[in-house]
Amino acid sequence: MEIRYFGHYDSGSGEYFGFYPTDLYPDIESIPTPNIELTFDEWQTAIGSRHIVVNGVSTPYVKTAEEQLDGIKRIRTRLLEQSDWVVLPYSPITGSKLEEWITYRQALRDITTQTPPYVLPTQPE
């Protein structure tokens, strides 16, 4: 018996809810709908990375510009918080090393002026 592969998805967002190979779910009628039949390679790819169903086709999910901006802001905030200690008055970092850190932190603040894809500045050593 040849194994067939199905993905159950949300009809509104296209996001997958579950994956059903017929060796584990031989009764195809029991697979929740809506569903899409996938090749083995499509099934493996959809399981391994974020895919959605668009017009009946399994498609890689691409973040919107707003989602990309929100993501880079979260990363920026975390990196700024992790380096706050460098610019405090009692920090052991001084001179040119302090200037490197100040430049790095400013580049983090300015990252939202970039056009995606965003490129994080290199943290000083």
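In which order do the three strands of the open sheet stand? The order is E2-E1-E3, and the pairing is antiparallel. The views below come from a predicted model, in which local features need pLDDT of at least 70, side-chain atom pairs count only at pLDDT 80 or more, and totals for chains, interfaces and linings use all residues. Residues are numbered from 1 along each chain as its sequence is written, and side-chain values use heavy atoms, with hydrogens and water left out.

**View 1. The whole protein has three helices and five strands.** Helices (H or I, at least four residues) and strands (E, at least two) are DSSP runs, numbered from the N terminus. From that end, the elements run β-β-β-α-β-β-α-α. The C-alpha atoms fill a box of roughly 70 × 25 × 20 Å, taken along the principal axes. The radius of gyration is 23 Å, but a compact globule of 125 residues would have one near 14 Å. This radius is taken over C-alpha atoms, and the globule rule is 2.2 Å times the number of residues to the power 0.38.

**View 2. Three strands form an open sheet.** Two strands pair if DSSP finds at least two bridges between them. Strands E2 (16–21) and E3 (35–38) stand at the edges, each with a single partner strand, so one side of each has no neighbour in the sheet. Four bridges join E1 (residues 5–9) to E3.

View 3. Contact means heavy atoms within 4.5 Å.

**View 4. Helix H3 has buried residues: Trp101, Tyr104, Arg105 and Leu108.** Buried means under 20% relative accessible area, exposed over 50%, and partly exposed in between (1.4 Å probe, protein chains only). The buried residues of H3 fall within an arc of 95° seen down its axis, so they line one face of the helix. The arc is that of the directions from the helix axis to the C-beta atoms. These buried residues pack against helix H2 (65–82). On the other side of H3, Ser96 and Thr103 are exposed.

**View 5. Thr115 lies in the segment after helix H3 (95–110).** Thr115 is exposed, with a relative accessible area of 64%. Thr115 and Pro92 are 35 Å apart in space, C-alpha to C-alpha, and 23 residues apart in sequence.
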